[in-house]
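Colleague: Hi, I'm new to this one. Could you walk me through it?
Modeller: Happy to, here it is.

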Amino acid sequence: MHKEEALDMLKKSGYKVTKPREWIVEALEGNTSHPSAMEIFDQLRKSDKSFSFATVYNTLDTLVKAGVVKQVTVDPQCSRYDPDMSSHGHFYCRSCGNVKDVFDVSLDLESSSLQGEIESYELNLFGLCQECRTEAN
């Protein structure tokens with residue numbers, strides 16, 4: 001989602017667009033690393049943005065409520081955030097902790113006994129990424 005779209009969604013959801021919210025949306029735009037709140041905080045502090053960790057955490061909660069980002073719960077250590085709102089899963093490497101998008105898993109939800117009831121889904125896959133498997137051998 002582009003910054004302008006995200007900020008527009010924020011406004012339409014009844015939230016004010018503040019500088020910290022803009023900065024966090026910018027940090028997430030096009031980001032495929034699924035950063036944690038602490039990683040976003042550290043990234044923005046390195047660019048001389050001044051605010052508290054609580055501001056980052058609360059802003060991320062607001063962005064989730066406004067439908068601007070997804071909260072990804074694949075990492076057992078912390079929540080991660082994904083600006084890609086399309087339906088897709090996530091793969092968590094139990095060795096290096098990287099999170100990757102998974103678009104090529106097919107679920108036959110149309111023939112499910114829950115057809116018409118499912119509004120969204122969260123698919124989390126766990127294992128060793130290619131890099132970690134190579135290092136282990």
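Modeller: Let's begin with Asp75 and Arg80, whose side chains meet in a salt bridge at 3.0 Å, N to O (a side-chain nitrogen of Lys or Arg within 4 Å of a carboxyl oxygen of Asp or Glu). This is a predicted model, where local features need pLDDT of at least 70 and side-chain atom pairs count only at pLDDT 80 or more, while totals for chains, interfaces and linings use all residues. Residues are numbered from 1 along each chain as its sequence is written, and side-chain values use heavy atoms, leaving out hydrogens and water.

Colleague: Are Asp75 and Arg80 buried or exposed?
Modeller: Both Asp75 and Arg80 are buried (under 20% relative accessible area; exposed is over 50%, partly exposed in between, with a 1.4 Å probe and protein chains only).

Colleague: How many salt bridges does the structure hold?
Modeller: Seven salt bridges. One of them pairs Glu26 with Lys3, with the closest N and O atoms 2.5 Å apart. That pair links distant parts of the chain, 23 residues apart: Glu26 is in helix H2 (residues 19–28) and Lys3 in helix H1 (residues 3–12). Helices here are DSSP runs (H or I) of at least four residues, and strands (E) of at least two, numbered from the N terminus.

Colleague: And why does Lys3 count as buried?
Modeller: Because its relative accessibility is 18%. Glu26 counts as partly exposed because its value is 35%.

Colleague: What about Lys19, which residue does Lys19 form a salt bridge with?
Modeller: With Glu22, at 3.9 Å between the closest N and O atoms. Lys19 and Glu22 are three residues apart in helix H2, so about one helical turn separates them.
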